[in-house]
Amino acid sequence: MRDPLPRGLLSESDAAKWLGICSTTLRTLSIPRRALGRRRLYDVRDLEAARDNLPYENEGTDRAEASCDAAFG
């Protein structure tokens, strides 16, 4: 049985898949990378921290924005 949580370092494409985003979006985030020779790898702990710091939907919005989001998605 495969471990559902990856451990260690992930390539850009694997890190993006793990977060559920594309590689292009991953590059826009301020997630540090580790260097292993010429390779640049993402530490799963840094990915988890970035994921945990993402806001929840409608978090920090005012009532008018929340009503607009509710009406129009």
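Contact here means that heavy atoms lie within 4.5 Å, and with that meaning Asp43 touches Gly8, Leu9 and Arg34 once residues up to four places away in sequence are set aside. The legends below describe close-up views of a predicted model.

**Figure 1. Overview of the chain and its elements.**
The secondary structure of the chain comes to 4 helices and 3 strands, and, read from the N terminus on, these elements follow the order β-α-α-β-β-α-α. The chain has 73 residues, of which 14% count as buried, and it exposes about 6100 Å², with carbon and sulfur atoms supplying 50% of that area. When contacts between residues at least 6 apart in sequence are considered, 45% of them join residues that are at least 24 apart.

Asp43 is found in strand β3, which covers residues 39-43.

Side chains of opposite charge can pair when their charged atoms come close. In this view the side chains of Glu12 and Arg27 meet in a salt bridge, with 2.9 Å from N to O. Glu12 belongs to helix α1 and Arg27 to helix α2, which spans residues 23-28, so the pair ties together parts that lie 15 residues apart in sequence. The relative accessible area of Glu12 is 22%, and Glu12 is therefore described as partly exposed. The structure holds 4 salt bridges, and the pair of Glu12 and Arg27 is one of the salt bridges in it.

**Figure 2. Packing of helix α1 against helix α3.**
Two packed helices are described by the angle between their axes and the distance between the axes. Helix α1, made of residues 12-19, packs with helix α3, made of residues 44-52, at an angle of about 35 degrees, and their axes are 11 Å apart. The crossing of these two helices, α1 and α3, is right-handed. Which residues make the contact? On the side of α1 they are Ala15, Trp18 and Leu19, while α3 contributes Val44, Leu47, Glu48 and Arg51. Sorted by type, the residues in this contact of α1 with α3 comprise 5 nonpolar and 2 charged ones, with no polar residue among them.

**Figure 3. Arg51 and Asp52, a salt bridge with two partners next to the helix contact.**
Arg51, which takes part in the contact of α3 with α1, also has a salt bridge with Asp52, where the side chains meet at 3.0 Å from N to O. The two partners fall into separate classes of accessibility: Arg51 counts as partly exposed at 38% relative accessibility, whereas Asp52 is exposed, with a relative accessible area of 54%.

Ala49 has its place in helix α3, and at 36% relative accessibility it counts as partly exposed. Although Ala49 and Ile31 are 18 residues apart along the chain, their C-alpha atoms are separated by 9.0 Å. Leu29 sits in the loop between α2 and β2 and is partly exposed as well, with a relative accessible area of 37%. The C-alpha atoms of Leu29 and Ala50 are separated by 8.6 Å, while along the chain these residues are 21 residues apart.

**Figure 4. Leu36 in strand β2.**
Leu36 lies in strand β2, which covers residues 34-36. How does Leu36 stand in accessibility, buried or exposed? Its relative accessible area is 53%, and Leu36 is exposed, because that word is used for values over 50%. Leu36 and Leu9 are 27 residues apart along the chain, and 9.9 Å separates their C-alpha atoms.

Terms used
Residues numbered from 1 in each chain as written. Predicted model: local features only at pLDDT ≥ 70, side-chain atom pairs only at ≥ 80, totals over all residues. Heavy atoms only, no water. Axes fitted to C-alpha atoms, helices over the stretch in contact; angles between N-to-C directions. Left-handed = near helix turned anticlockwise from the far one by under 90°. Nonpolar A, V, L, I, M, F, W, Y, C, P; charged D, E, K, R; others polar. Buried < 20%, exposed > 50% of the residue type's maximum accessible area, 1.4 Å probe, protein only. Areas by Shrake-Rupley, 256 points an atom, 1.4 Å probe, with all protein chains shown as cover.
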